[in-house]
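Colleague: I am new to this structure. Please take me through the aromatic rings and the core around them, slowly enough that I can follow on the screen.

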Amino acid sequence: MEQGVSDQVNQFLRSLEAFDFSGAQAMCTGAATVRQNDGKGEQPIDESLDQFKSFVANVDSLRYDVIRQFQSQDEVFQQHVLHLVMSDGSRSTVHAAVYFRFEGGLIDGIEEYVYAEPAGTTL
């Protein structure tokens, strides 16, 4: 049975949760790019995953909660919350809207828009 793009995105996120960055990269084309709203513009997936590795260097665990997800044949758009438990026991959350584009059954592009959520806000 062929895996749908929504399932592939979920598997990509599970790989990140397991700190399996090579597994996550294997789900992407060789030319895959990532664009975030951090002012750096588009960058290759390997550079983006290296940055993410640095970001989670002091993280004991991370978990993605998908709030809503929409898909078409080769695209997924979702809103999720990344929950982080730091090495010192503190907790943090990152809210994001993310677009995944597929080519040939692999992730070829990711656009991530991270945004601040006021404390106490529920979805």
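Modeller: One term comes first: a residue counts as buried when its relative accessible area is under 20%, as exposed when that area is over 50%, and as partly exposed in between. Keep in mind that this is a predicted model.

Gln 79 shows how the term works. Its relative accessible area is 14%, so Gln 79 is buried. Gln 79 sits in strand β4, which covers residues 75–86. Its side chain makes a polar contact with the side chain of Tyr 115, at 2.6 Å.

The protein chain has three helices and six strands. From the N terminus, their order is α-α-β-β-α-β-β-β-β. The radius of gyration is 14 Å, close to the 14 Å that the globule rule gives for 123 residues, so the chain is as compact as a globular protein of that length. Along the principal axes, the C-alpha atoms fill a box of roughly 40 × 35 × 30 Å. Of the 123 residues, 39% are buried. Take the contacts between residues at least 6 apart in sequence: 45% of them join residues at least 24 apart. The chain exposes about 7100 Å², and carbon and sulfur atoms supply 49% of that area.

Now the rings. A pair of aromatic rings is described by the distance of the centres and the angle of the planes. The whole structure holds four aromatic pairs. One of them joins Phe 12 and Phe 100. How buried are the two rings' residues? Phe 12 has a relative accessibility of 4%, so it counts as buried. Phe 100 has a relative accessible area of 2%, so it is buried too.

A second pair to find is Phe 21 with Phe 52. Here the centres are 6.1 Å apart and the planes stand at 70 degrees, so this pair is edge-to-face. Phe 21 is in helix α2 (residues 21–26) and Phe 52 in helix α3 (residues 45–55), so the pair ties together parts 31 residues apart in sequence. Phe 21 and Phe 52 are both buried. They also belong to a cluster: ring pairs link Phe 19, Phe 21, Phe 52 and Phe 55.

Most residues other than glycine have a negative phi. Phe 19 is not a glycine, yet its phi is positive, about 60 degrees.

Next, the core. In soluble globular proteins, nonpolar side chains tend to be buried together. The largest nonpolar core here has 27 residues. Which members touch the most others? They are Phe 12, Leu 16, Phe 100 and Ile 110. The elements that give two or more residues to this core are α1, α2, β1 (28–36), α3, β3 (59–72), β4, β5 and β6 (106–115). Helix α1 gives the largest share, five residues.

Go back to Phe 12 and look at what surrounds it. Set aside its neighbours within four places in sequence. Phe 12 is then in contact with Ala 24, Met 27, Cys 28, Phe 100, Ile 107 and Ile 110.

At 43% relative accessibility, Asp 7 counts as partly exposed. Its C-alpha is 22 Å from that of Val 94, which is 87 residues away in sequence.

One last stop is Asn 58, in the loop between α3 and β3. Its relative accessible area is 54%, so Asn 58 is exposed. Leaving aside neighbours within four places in sequence, Asn 58 is in contact with Met 86 and Ser 87. Asn 58 and Ser 87 are 29 residues apart along the chain, and their C-alpha atoms are separated by 5.4 Å.

Terms used
Residues numbered from 1 in each chain as written. Predicted model: local features only at pLDDT ≥ 70, side-chain atom pairs only at ≥ 80, totals over all residues. Heavy atoms only, no water. Helix = DSSP H or I, 4+ residues; strand = E, 2+ residues; numbered from the N terminus. Buried < 20%, exposed > 50% of the residue type's maximum accessible area, 1.4 Å probe, protein only. Polar contact = N/O pair within 3.5 Å; in protein donor to acceptor, adjacent residues only side chain to side chain. Phe/Tyr/Trp six-rings, centres within 6.5 Å; stacked < 30°, edge-to-face > 60°. Core = buried A, V, L, I, M, F, W, Y, C linked by side-chain atoms within 4.5 Å. Contact = heavy atoms within 4.5 Å. Rg over C-alpha atoms; globule rule 2.2 N^0.38 Å. Areas by Shrake-Rupley, 256 points an atom, 1.4 Å probe, with all protein chains shown as cover.
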